[in-house]
There are 2 protein chains.
Amino acid sequence: MTEYTLDTAREALLALQRKMAAYEHALGLLQYDGATTAPKATAENRGASIAVLSEEVYRLGTSKETVELLEYLDSRKDELTEKERRMVYLLLKDIRDMQKIPMKEYIEYEELTVIADDVWHKAKEASDFEMFRPYLEKLFEMNKRFAKYIEPDKDEYEHCLGQYEEGLTTATLDKFFSKLREGIVPLLKKVSEKEQVDDGIRFGEFPIDKQEELSYYLMELIGLDLDHVGLSTTEHPFTTSLGSHFDERITTHYFEDDFVCSMYSVIHEGGHALYDTGSADELAYTVLDGGTAMSIHESQSRFYENIIGRSRAFCKLVFPKLKELFPKQMEGRTAEDLYRAVNKAEPSLIRTEADELTYSLHVMIRYELEKAVFAGEIEVKDLPREWNRLYKEYLGIDIPDDKHGVLQDSHWAGGLMGYFPSYALGSAYGAQFLAKMKESVDVDKCIENGDFAPINEWNRENIWKHGSLYTPAQILDRVLGEEFNPDFYINYLSEKCKDIYGV
Amino acid sequence: MTEYTLDTAREALLALQRKMAAYEHALGLLQYDGATTAPKATAENRGASIAVLSEEVYRLGTSKETVELLEYLDSRKDELTEKERRMVYLLLKDIRDMQKIPMKEYIEYEELTVIADDVWHKAKEASDFEMFRPYLEKLFEMNKRFAKYIEPDKDEYEHCLGQYEEGLTTATLDKFFSKLREGIVPLLKKVSEKEQVDDGIRFGEFPIDKQEELSYYLMELIGLDLDHVGLSTTEHPFTTSLGSHFDERITTHYFEDDFVCSMYSVIHEGGHALYDTGSADELAYTVLDGGTAMSIHESQSRFYENIIGRSRAFCKLVFPKLKELFPKQMEGRTAEDLYRAVNKAEPSLIRTEADELTYSLHVMIRYELEKAVFAGEIEVKDLPREWNRLYKEYLGIDIPDDKHGVLQDSHWAGGLMGYFPSYALGSAYGAQFLAKMKESVDVDKCIENGDFAPINEWNRENIWKHGSLYTPAQILDRVLGEEFNPDFYINYLSEKCKDIYGV
């Protein structure tokens, strides 16, 4: 047993996290390489390396030596800095949660998610829910069981929610979603009775190299440091930090016949990257580096994508660049055409392609279904039927097949039950942040002038620089100084609808 | 202490190598990412991760547990298979060599190479040998010292040579290079008296995307499996295996005004990749996976690049593709023009850009200089003068500055003393392999028909599939059944010169 003093333990705490960061760097890069560059038949080889390194980092994080160190520091937590306390808390929490799960079941679960993901891909391709059902049942069942192991006195679904958003309750979410439903469903009905906007501007022929030029232009425009943030292309866009916030990668997917998809992907992932790279440098190589919780992350990505990116001022700002890159395609078009096209609202099948107005309804449906399965009100086998029913009820559309319905998302196959609500929360947080930001920053003027520094500085000071030092609730409390209130989001959406559709 | 049986030890031996392969995969990918995709200000972050993981893999490879395992297996080596014996030998050799170096000096050396490489970059840029000299002196000194630690009874330079080519002696190399000198220097003199060939075909405007298409065409043509071999672009082309021979990456560098550079880079690196990916699958995730020694590796890369790639038949074969990709640039040109252009021979300053005929002379100069420094016949400070003298003597050219002279290669800055001769040996091996191959394969006919299967099968059976099961000497012995004889190479070069220059 190592004899620690407070000083040596503090050093050991940093050394431990540096080591973990190196493993996370390697693991992140292996995944990133698989999604971007790797030849197509190399997955098995990569999987073998990922398995070995994951086991090594797991062993490092849960070794007797590590537990001793963390418990020593925990026993002297009053003498630690706020940052150190949070590091010890986060590291110990992971270990203690893990220790409550029997190792055999933990490994079984890890294997299950790998197989389930593979089966899900095939089931989605074949639009065959029955193929996926046994795995999904097992995944729900094990998530429930693990929840009971870790927090025996808590509602199992609430435990799952808390994994992605510390302290989130179903009471909060019920209230939140019912407000959204009451606000958005009638709005959507009114919009659907109006004449639809013309979004012809987005379709045509847009060469990939020109779209790539647009990507870099947008990244620089919103304030990303291209010396530290890279761009690649993947099937599904994502953002990842490698080792620390000093090396960030975003990805996009280009469609030659529609430039808007990649344009807003880049701004969305760029928002994530702004948040991650905005961590204070002193947090690098610690568990506090990068953002706290998915919801705050989405509040930033969706803030840049929607609140900024789909504003009239932003469309005006970037339109000259579009004319320069796509002179023929933009002939006879205006910035206003762009503004209207990227704010077209209509019910659709696929969450990731949904517009701002309908997006939260997609999320709400998933939340209601997860909650019902956890509560035993419905069974996994009922999910396709219930999915289709809710899409009809909230969005008024018919689901043609499970591929475009219950099988569309990868989250459940990966065991991420309780993850979806963060997406909607993030959008709503963003709207409330905007109101707060406007108290000291002339946001519209900044966008008009292409001067994102004041906006980014506000986000940096209030949100980014703290990394995951604070919980989402603490961030909200510090930034807003008032309760989270989804009305800001409803109002924001209403104004947009009024502007575009006059409703 | 673990109690082994032969069976459990065998399993542990494989598990150890699987683990090592995962670390090598991660480390290789970090380097590859740095050279290909990473944003430019991320080197420090990457360096931090590489340092941590290198230490982990070093610790794994030299731990008490590992040594016990290997020594147990070594004590029962008569009961092991040939492959297992070789694995134990190679793993133990590394450890035993390492153990002879005081840890403090080992770490000092590791740090020195990192700094020396950085200084070398700057010194080369500034063409300032004096800036680099103190580091180079230290590097030579430490290489000498380490050689004495590891093999006290052996000539220090010979020890260094043996690190890259098991069993290689200065006697062999002296004989080899003197034959080359006697053969090549007069040939070069005769060539220089002839009218120079017209290589105008290679210059013009060659769009990168078309050159990329050419790269993939060539990779497939020579038989690479693109499902397992990827292509990227880098400043300096290279080849790397990730984790096992199932994931191989080659890189190239495109010049828009000269398509020949990248074309032959791709074939050269493709040759390395053919060798690596040709390892028997049962060698995957062991130290026997991939090629044995640099010289055999170069024999393959230079075989495909030069012997095949610069043959008349190959130029005929690929010319229609060039016409298709670059119709305007190829107007009025013929396959024969290509053949002559890519075989133009003339003395030049830079090794990596040298033609087939002069290439070995560049290598020979480096060999003579290294040998003289190790023997104390010259000092490091004399290297620029001696370099320039030898270039004048063998190649008849004047070195304008050290950037284009003694500072051009990165090898010495990385501490790779004794590495250069492999390049020349590989070229010569290739010529002798060709003669042997022709006994059973109609090589010219195969190339003419674009049917590389018989050529590749011959290489696979004789060389590739063995990975590093055999030493280079054993490979030569098995393949040739006769002594290595550089006359094959001289004859090959002479015939080429006769064909192109009529000398």
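Helices (H or I, at least four residues) and strands (E, at least two) are taken as DSSP runs and numbered from the N terminus. The structure described is a predicted model, in which local features need pLDDT of at least 70, side-chain atom pairs count only at pLDDT 80 or more, and totals for chains, interfaces and linings use all residues. Residues are numbered from 1 along each chain as its sequence is written, chains are lettered from A and ligands numbered from 1 in the order in which they are written, and side-chain values use heavy atoms, with hydrogens and water left out.

Chain A contains 20 helices and 3 strands. Its radius of gyration, taken over C-alpha atoms, is 23 Å; this is close to the 23 Å given for 503 residues by the globule rule (2.2 Å times the number of residues to the power 0.38), so chain A is as compact as a globular protein of that length. The C-alpha trace of chain A spans about 75 × 50 × 50 Å along its principal axes. Of the 503 residues of this chain, 56% count as buried, where buried means under 20% relative accessible area, exposed over 50% and partly exposed in between (1.4 Å probe, protein chains only). Among contacts in chain A with a separation of 6 or more, 74% are made by residues 24 or more positions apart; contact means heavy atoms within 4.5 Å.

Between chain A and chain B, 40 residues of chain A are in contact with 40 residues of chain B. The two chains bury about 2800 Å² between them, 58% of it on carbon and sulfur atoms; buried area is the accessible area (1.4 Å probe) that two parts lose on being put together, summed over both. On the side of chain A, A:Pro39, A:Asn45 and A:Asp227 lose the most area to chain B, together 19% of what that side buries.

Individual loop residues were also examined. B:Ser468 lies in the loop between α18 (453–462) and α19 (472–480) of chain B, and is buried, with a relative accessible area of 7%. Apart from neighbours within four places in sequence, B:Ser468 is in contact with B:Arg86, B:Leu90, B:Val287, B:Leu288, B:Gly290, B:Gly291 and B:Thr292. A:Tyr285, in the loop between α10 (259–277) and α11 (294–308) of chain A, has a positive phi of about 65° although it is not a glycine. A:Tyr285 counts as buried, at 11% relative accessibility. B:Ser127, in the loop between α5 (103–126) and α6 (129–150) of chain B, likewise is a residue other than glycine with a positive phi, near 50°; at 23% relative accessibility, B:Ser127 counts as partly exposed.
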